[in-house]
Amino acid sequence: MKEFTFTWSIENISYSWHKRREKIVSPKFFAPPIQFSAWTLRLYPRGFENSDYLSLFLRRETDTACDNLTVNFELSCISADTSPLQARCIPETLKTFTKAEEHGFGELRFLRRHDVFGRRKALYLPKDTLTLRCRMWKDEDDNEFGESFGRTRLTIERIISVENIKPEIPMYNIVEILSEIQNKVLISINISSSCEDKLDIRIYRINDKLMKSTTLNISFVDKRTERKLCEHEIVWFGGPQNEVFRLPFSGTLQCAENDNSEASNFEFITEVVYSTGEETKIIEIGQLPRVPEYFSKYIFSYVPSGKLADYPSISKDLWNLYNDQVLCDVELKTQKKSFFVHEVVLCARSPVFLAMLTGEMKEKKNKYIEIEDISADTLEKFLFFLYTDVFEDFDAAVDLYYAADKYQVERLRLLCSSHLIENVDIDNVCESLMLADQFNDCELRRKVDDFILKNEERVFKSSSWKKFADEKSHLAVKCMLLKYEEKENQCPTEIFEKISRHPKFLDELRFLYQKQIVSDTVIKTASASFPAHKTVLCASSSIFKDLLSNDSREKSIDFIEIEDLEDDTVSRMLLFLYTNSLEDIQWDTAKKLYHASVVYQIYRLKFDCSCFLLENLRVSNACDLLLLAHEHSDDRLKSAVEDYICVYDEEIFTSDEWTKLSETNLLLSSETMRAKYKKIKETAIR
């Protein structure tokens with residue numbers, strides 16, 4: 001068999017500016033086993049014919065191979081661990097490639113945009129990167145294999161502006177967003193207020209020629225409490241538009257007005273991210289690193305399914321803590337049932353709960369919130385999303401939409417809206433129309449209007465429409481007149497792009513931790529203090545759980561002393577507990593964090609540190625990792641290192657590191673060599 005594989009990564013794909021029938025072209029690659037032919041992949045992010053899908057084609061370029069070439073090929077999208085998420089195989093009997101043909105061959109409906117940018121984004125787009133693979137082969141007697149890797153980066157600029165503002169009545173401030181790339185002001189934002197509880201925001205575009213896909217996030221923060229008082233996000237497909245809107249700002253301006261201090265206690269934070277319309281391309285020839293067998297065996301020993309969704313995470317830890325009803329500190333009471341939950345989760349997910357539990361309201365003192373207009377069943381499903389960031393009960397989408405809107409859980413509202421948009425039909429079109437109208441949901445309303453226009457006869461003759469027209473006559477008449485109105489020529493931002501750019505649970509937990517909001521304990525080292533949340537500590541570590549589960553208001557544990565770890569290690573350990581992220585980590589740092597994970601029994605930190613160490617395992621550090629696993633009695637990690645040593649035995653057994661290990665730990669070196677020959681014998685028997 002002659003086979004060639006090309007793997008292509010597209011970075012910052014969420015900021016793609018390409019319209020329908022507009023493509024991203026991969027770097028050109030040559031396939032030596034296939035007559036040294038030349039090829040490109042062509043991705044249509046908003047589809048070639050249908051904008052609900054991504055289209056992908058393989059195109060032959062000009063080369064020195066024969067004029068007409070047949071080849072088997074498979075197009076696939078792969079996850080971070082290179083496992084296929086979607087694949088399409090096309091046998092050579094169906095297609096003949098000619099040189100520099102117009103489009104090539106492939107799949108018009110390769111991936112659903114709703115899956116990629118919406119509900120399964122974490123799986124399809126790790127670090128906002130889409131990875132595609134093209135495998136080509138011909139069934140011939142000779143064996144020849146090759147592989148190359150290409151990368152395309154969509155250029156973006158991220159601009160963050162923080163302005164200190166002293167709210168007054170009346171108030172007027174101007175914020176200008178300056179681009180370092182263009183050295184120009186892109187957007188001007190005017191902030192004004194003529195009453196205590198509203199902020200008027202006016203956005204004016206200044207220089208937007210290079211802004212192809214744009215996100216603007218606006219937030220107003222009280223520096224004294226680090227609390228977000230209001231927040232608003234706008235996504236434009238293209239450059240920004242002139243817009244005017246009003247933000248609720250309940251009670252805060254009155255406080256500021258009575259404050260005699262000259263210093264500003266408030267920050268107006270803007271974040272603009274836009275794509276410039278530029279691409280950079282890189283091609284690398286040679287072997288793409290594969291997941292080594294010793295590494296994959298270690299992962300499967302922890303996660304037998306191998307699925308990303310089953311990996312350990314803070315979301316799962318917190319959900320388990322909730323199910324076990326450990327350290328719950330807030331009661332949510334419906335008409336029929338009470339739910340005891342964790343304050344840190346409510347505050348991280350919902351600005352409304354955050355205001356209740358940190359502001360001057362009765363809920364802060366009593367830790368008790370009445371939920372009057374949401375059923376117990378809906379609240380249970382709502383809490384499941386707050387803890388896990390997973391939306392899977394599609395039958396409850398309408399009820400969850402209402403709950404998400406009331407408590408400003410924007411990510412859930414968008415997910416519910418996305419599901420409703422995807423499933424508009426004759427039976428639910430009236431309900432969807434009323435929902436879109438009630439909550440001013442432009443995307444849902446646009447989809448409902450389009451559905452009614454395309455199916456007007458069936459809709460208007462249905463019994464549900466007749467009942468709807470009696471109850472909502474004004475709205476019904478407005479919809480029936482749509483066909484006579486001139487539709488605006490616009491390309492609206494798709495809802496799953498908004499979902500993909502909206503903060504996830506881990507982002508919200510990080511913000512809560514870094515801003516020290518509702519912190520209820522302190523981790524103290526010899527020279528530093530780290531405010532934290534008992535719930536997160538308890539969920540992550542069995543040691544902390546044993547210490548804190550007996551905590552009570554009468555005998556509260558205000559701080560925890562950690563004297564056996566360095567300040568940097570404690571800081572990184574705590575950040576990981578909230579974010580599941582090992583940021584800017586090096587080998588020695590990973591070893592220290594691994595040690596901390598063993599001491600404090602933090603299962604997922606141990607797993608992630610072990611994975612990092614195994615990913616970076618080399619001949620030069622194999623002895624170091626073997627000794628670490630041995631000292632901590634970690635048989636799984638030790639076995640993985642022994643598997644690695646079996647592969648590179650000659651280089652390792654003749655190295656200075658091995659000589660030193662044998663001198664200081666003869667028993668360990670002897671055990672390892674015996675393990676090597678035992679594995680060789682087992683392999684021979686198989």
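**Figure 1. Buried residues of helix α13.** The buried residues of α13 comprise E443, L444, R445, V448, D449, F451 and I452. This view, like those that follow, shows a predicted model. Helix α13 covers residues 442–454, and its 13 residues should span 18 Å at 1.5 Å a residue; the end C-alpha atoms lie 18 Å apart, which agrees with that expectation. At the N-terminal end, α13 is capped by D441. A side-chain oxygen of D441 is placed 3.3 Å from the backbone nitrogen of E443, and E443 is itself among the buried residues of the helix.

**Figure 2. Helix α22 and the helices around its buried residues.** Helix α22 runs over residues 587–599. Seven positions are listed here by name: W587, T589, A590, L593, Y594, A596 and S597 are buried in α22. The buried residues of this helix pack against α21 (567–579), α23 (603–615), α24 (622–631) and α25 (635–647). Just after α22 comes Q601, which adopts a positive phi of about 55°.

**Figure 3. The packing of helix α5 against helix α18.** Helix α5 consists of residues 314–323 and helix α18 of residues 505–514; the two pack with their axes 10 Å apart and at an angle of about 80°. Because of this angle, α5 is roughly perpendicular to α18. On the α5 side, the contact is formed by I314, S315 and L318, and on the α18 side by F505, L506 and L509. By residue type, the contact of α5 with α18 comprises five nonpolar residues, one polar residue and no charged residue.

**Figure 4. Two loop residues with a positive phi.** Most residues other than glycine have a negative phi. F36 is not a glycine, yet its phi is positive, at about 55°. The loop that holds F36 lies between β3 (29–31) and β4 (37–44). F36 counts as partly exposed, because its relative accessibility is 45%. V518 likewise is not a glycine and has a positive phi, of about 50°. V518 is found in the loop between α18 and β21 (521–524). With a relative accessible area of 17%, V518 is buried.

Figure 5. K138 belongs to strand β9, which is made up of residues 129–138. The relative accessible area of K138 is 13%, so this residue is buried. The K138 side chain reaches the backbone oxygen of T70 at a distance of 2.6 Å. Apart from neighbours within four places in sequence, the residues in contact with K138 are M1, K2, I34, T70, V71, N72 and E92.

**Figure 6. The protein chain as the setting for the close-up views.** The protein chain contains 28 helices and 23 strands. Of its 686 residues, 51% are buried. When contacts between residues at least 6 apart in sequence are considered, 67% of them join residues at least 24 apart.

Key:
Residues are numbered from 1 along each chain as its sequence is written. This is a predicted model: local features need pLDDT of at least 70, side-chain atom pairs count only at pLDDT 80 or more; totals for chains, interfaces and linings use all residues. Side-chain values use heavy atoms; hydrogens and water are left out. Axes are lines fitted to C-alpha atoms, for helices over the stretch in contact, and angles run from 0 to 180 degrees between N-to-C directions. Helices (H or I, at least four residues) and strands (E, at least two) are DSSP runs, numbered from the N terminus. Angles under 35 degrees count as roughly parallel, over 145 as roughly antiparallel, 65 to 115 as roughly perpendicular and the rest as oblique. Contact means heavy atoms within 4.5 Å. Ala, Val, Leu, Ile, Met, Phe, Trp, Tyr, Cys and Pro count as nonpolar, Asp, Glu, Lys and Arg as charged, and the others, Gly among them, as polar. The expected span of a helix is 1.5 Å times one less than its number of residues. Buried means under 20% relative accessible area, exposed over 50%, partly exposed in between (1.4 Å probe, protein chains only). A polar contact is a pair of N or O atoms within 3.5 Å; within protein, one must be able to donate a hydrogen and the other to accept it, and residues adjacent in sequence count only if both atoms are side-chain atoms.
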